[in-house]
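Try each task before you read on.

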Amino acid sequence: MSLFIGSTFSPEDLDVLRHALDAWCAEKRIDIKSAEAQMAASAALDLFQSGNNSAERLLAALRGHKGL
């Protein structure tokens, strides 16, 4: 699990993260409250901080993530 000490996210950042995660869960037919969705959310945070800062780029990165 990631540790985000000192990380701050704007409302726009949170919108990007939520949109990408919602789309990924819908594609995979996974409940947003499931353990798998929680793992995807953690991965999404890491991927976002790595520069995938648009919903489209983040969703593409989630699709290609090997651990999901």
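Contact here means heavy atoms within 4.5 Å. Helices (H or I, at least four residues) and strands (E, at least two) are DSSP runs, numbered from the N terminus. The model is a predicted one: local features need pLDDT of at least 70, side-chain atom pairs count only at pLDDT 80 or more, and totals for chains, interfaces and linings use all residues. Residues are numbered from 1 along each chain as its sequence is written, and side-chain values use heavy atoms, with hydrogens and water left out.

**Exercise 1. Find which residues of H1 meet which residues of H3, and describe how the two helices pack.**

Step 1: list the partners. From H1 come Val16, Leu17, His19, Ala20, Leu21, Ala23, Trp24 and Glu27, and from H3 come Ala55, Leu58, Leu59, Leu62 and Arg63.

Step 2: sort them by type. Ala, Val, Leu, Ile, Met, Phe, Trp, Tyr, Cys and Pro count as nonpolar, Asp, Glu, Lys and Arg as charged, and the others, Gly among them, as polar. The residues of the contact of H1 with H3 then divide into 10 nonpolar, 1 polar and 2 charged.

Step 3: describe the geometry. Two packed helices are described by the angle between their axes and the distance between the axes. Axes are lines fitted to C-alpha atoms, for helices over the stretch in contact, and angles run from 0 to 180 degrees between N-to-C directions. For H1 and H3 the angle is about 40 degrees, and the axes are 9 Å apart. That makes H1 oblique to H3; angles under 35 degrees count as roughly parallel, over 145 as roughly antiparallel, 65 to 115 as roughly perpendicular and the rest as oblique.

Step 4: A crossing is left-handed if the near helix is turned anticlockwise from the far one by less than a right angle, and right-handed if clockwise. H1 and H3 cross in the right-handed sense.

Step 5: zoom in on one residue. Ala23 sits in helix H1, which spans residues 11–28. Its C-alpha is 7.3 Å from that of Leu59, although Ala23 and Leu59 are 36 residues apart in sequence. With 22% relative accessibility, Ala23 counts as partly exposed; buried means under 20% relative accessible area, exposed over 50%, and partly exposed in between (1.4 Å probe, protein chains only).

**Exercise 2. Work out how H1 packs on H2.**

Step 1: start with the axes. They are 10 Å apart, and H1 and H2 pack at an angle of about 135 degrees. H1 and H2 are therefore oblique to each other, and their crossing is right-handed.

Step 2: name the residues. H1 brings Asp13, Val16, Leu17, Leu21, Trp24 and Cys25, while H2 brings Glu36, Ala37, Ala40, Ala41, Ala44, Leu45 and Phe48. This contact of H1 with H2 holds 11 nonpolar, no polar and 2 charged residues.

Step 3: look closely at Phe48, in helix H2. Phe48 has 9% relative accessibility and so counts as buried. Not counting residues up to four places away in sequence, Phe48 touches Phe9, Asp13, Val16, Leu17, Asn53 and Leu58.

**Exercise 3. Is Arg29 buried or exposed, and what is the value of its phi?**

Step 1: Arg29 is in the loop between H1 and H2. At 78% relative accessibility, Arg29 counts as exposed.

Step 2: most residues other than glycine have a negative phi. Arg29, although not a glycine, has a positive phi of about 55 degrees.
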